[in-house]
Amino acid sequence: MKREHRFLKGLFIGIMLVFLYAPIIVMIVYSFNASRTMGNWGGFSTEWYGALFRDRDILAALEVTLSVAVISSIVATLLGTTAAIGIHSMKRRTRNVILTTTNLPVVNPDLVTGISLMFAFSILMVPQGYTRLLLAHITFNIPYVILSVMPKLRQTSDSLYEAALDLGAKPSYALRKVVLPQIAPGIVSGMILAFTLSVDDFVISFFCQQGAQNLSTYIYSLARRGINPKINALSAIMFVVVLALLLLVNVISSQNTEEAKAKRREKKRRRMAAAEA
Amino acid sequence: MKRIVSFVLLAAMICLAMAGCSGGNSEATMQLYVLNWGDYIDEEVLENFRTEHPEIDLHYTTMTSNEEMLIQLQSEDCIYDVCFPSDYTISKLINLDLLAEIDTSKLSNYENIDERFLNQPFDPDNTYSVPYAWGTVGILYNTTMVDEPVTSWDILWDEKYAGQIYMYDSVRDSMMVALELLGYSMNTTDPDEIAEAEALLVEQKPLVQAYGTDDLRDRMIAGSGAMAVTYSGDAIYAIMENPDLAYAVPEEGSNIWFDNVIITKSSQNVEAAYIFLDYLLDAEVAAANANYLCYSTPNAAAEEFIDPELLASDVFNVPQDVIDRCEGFIDLEEDEQLYHSAWTRIKAQ
């Protein structure tokens, strides 16, 4: 009985992993295909990786994607965190009203956001190109940062901040030393979320991209002539880099927790020793 | 936690530094915004243009369909100067008054163009457009699976090939096949003729393995189908990859298509746009593009620089009698709705 149970569990996880990763593995394998055509294996070759780094268009699109993702996630994190702290200290009713307003863009279809941004930008005469793309990405990223910071604020107790004020800290000092460290995990996860959403986005970028093309719209534009194997190579590299980053972050954070544990143990030992003495 | 934050920030700074270093060139006095199809120009041509014309800061963007391009060009504050729409889209753009008239006296290479490809029905005097690439639509077939010669569209209705036929997933292209087989014009607006074509395509549906676009080419190369309705440029590429394949333009006639270069009416950089257009018309540049794309070039002077293997192919170097039996699409304006509703019903069957 128990063995069957374990087998089914393994099978379920196995199927899930296959669904998640088989397409990515196929893509990585085909990025080493000497033939230009999908589904036609022409032998092992790394020529697409070489061609990728000589292709100015792809590199330019990659540069736009990365710089928009980095800048928009940083700006959105700053704005979103500030907003979240402000919203948190509001009275309940206003807080709910504001939170619903900021959540609306999250559930709103991207298509609506994209088209309305296109109109808004042209009415406000925002210069075409990179500026629009960046502003659009900051705009749709902010609600996600607020969403990931708010729960952390709710978990923390306001009394710590008040205690800091009672003990003579200025509000800004208390914010930096008491509030921010407590909500830091929320801020970081919000920033990472914003970054990935920005790299991912197609629909909104599509409507705000005259003259500045990011990777998603570039790849889509290849549809008429067929997706180039260089794109497989690029996707493979991106996957490996993200995987490496995730592993690194996990290793660091697990080291951190171990260090913290060790420190706590050390402290306890010392206290015990002091008590004995 | 702090380390993660600082790590993320560090990564961010490196990215920003990278972005900062590779900014545009400083000598440029002119800007130029080009909107083209994805992968539709030899990258080296763009590279050479940038080195030969350091005074022009070229912004190159790509798109995937005529419809998408229409959206971009129709937007109030469109920044594009040069674009590469297809035939029927050009007539649409002319009707919308979005194109600038082209002064051919500013194009020193204009005489390189083969006159056969000027004065097409979508732009009768070439007032607004200059031809860039062209081709035909025909049947790409696998000679190991099809023994008889392919001369008529009716082979796509042959029960022998049930489940081995690919059709092109686009309204006008598929309706064209049925209309030509019936002996009607591919630009007909007669509801009865369109209804007949619709019935024919519905009848064919059980034999069709799939409706597709560029993926059909890969499937034909892999040998998973006997025949496919294909654009000539894709056909040449497929034949090079798999020598068992062959291409034919049926006797009933077919579509001849053009992608032309236009300058937008709203263009702020007309001077740079003319320099770019003239550059594309240069014989060697046109040949480089033709060699890269495998699409036929309207540039007569380019011939001597074209890959002999390409020139030897009837698919690339289309014989005059094939050109003569082909017709171009024109914009049908309101009547196009007839085609769209017919196609929706066919696909829904």
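Visitor: How many C-beta neighbours does B:N126 have inside 10 Å, and what does that make it count as?

Guide: Before we zoom in: this is a predicted model, where local features need pLDDT of at least 70, side-chain atom pairs count only at pLDDT 80 or more, and totals for chains, interfaces and linings use all residues. Residues are numbered from 1 along each chain as its sequence is written, while chains are lettered from A and ligands numbered from 1 in the order in which they are written.

Now to your residue. B:N126 counts as partly exposed because it has 17 C-beta neighbours inside 10 Å. The cut-offs are 20 or more other C-beta atoms within 10 Å for buried, 12 or fewer for exposed, and partly exposed in between, with C-beta atoms placed from the backbone. The backbone at B:N126 is worth a look too: phi is near 50°, a positive value in a residue other than glycine. You'll find B:N126 in the loop between α4 (87-95) and β4 (129-142) of chain B. Helices here are DSSP runs of H or I with at least four residues, strands are runs of E with at least two, and both are numbered from the N terminus.

B:D39 also has a positive phi, of about 55°, and isn't a glycine either. B:D39 sits in the loop between β1 (30-37) and α2 (43-52) of chain B. It counts as buried because it has 21 C-beta neighbours inside 10 Å.

Chain B has domain 1 (28-134 + 257-316) and domain 2 (139-256 + 325-348), with bounds that come from an automatic or database domain assignment. Their C-alpha centres lie 27 Å apart. Domain 1 of chain B puts 17 residues into the contact and domain 2 of chain B puts in 12, a contact being two residues whose C-beta atoms, placed from the backbone, lie within 7 Å. On the domain 1 side, α4 and β9 of chain B each supply at least two residues, and α4(B) gives the most, with 4 residues. That side has 11 nonpolar, 4 polar and 2 charged residues; Ala, Val, Leu, Ile, Met, Phe, Trp, Tyr, Cys and Pro count as nonpolar, Asp, Glu, Lys and Arg as charged, and the others, Gly among them, as polar.

Stepping back, chain B comes to 13 helices and 10 strands. Of its 349 residues, 43% count as buried. Among contacts in chain B with a separation of 6 or more, 77% come from residues 24 or more positions apart. The C-alpha atoms of chain B fill a box of roughly 65 × 65 × 45 Å along the principal axes.

Chain B has a partner as well: 36 of its residues are in contact with 34 residues of chain A. On the chain A side, α3(A) gives the most, with 7 residues.
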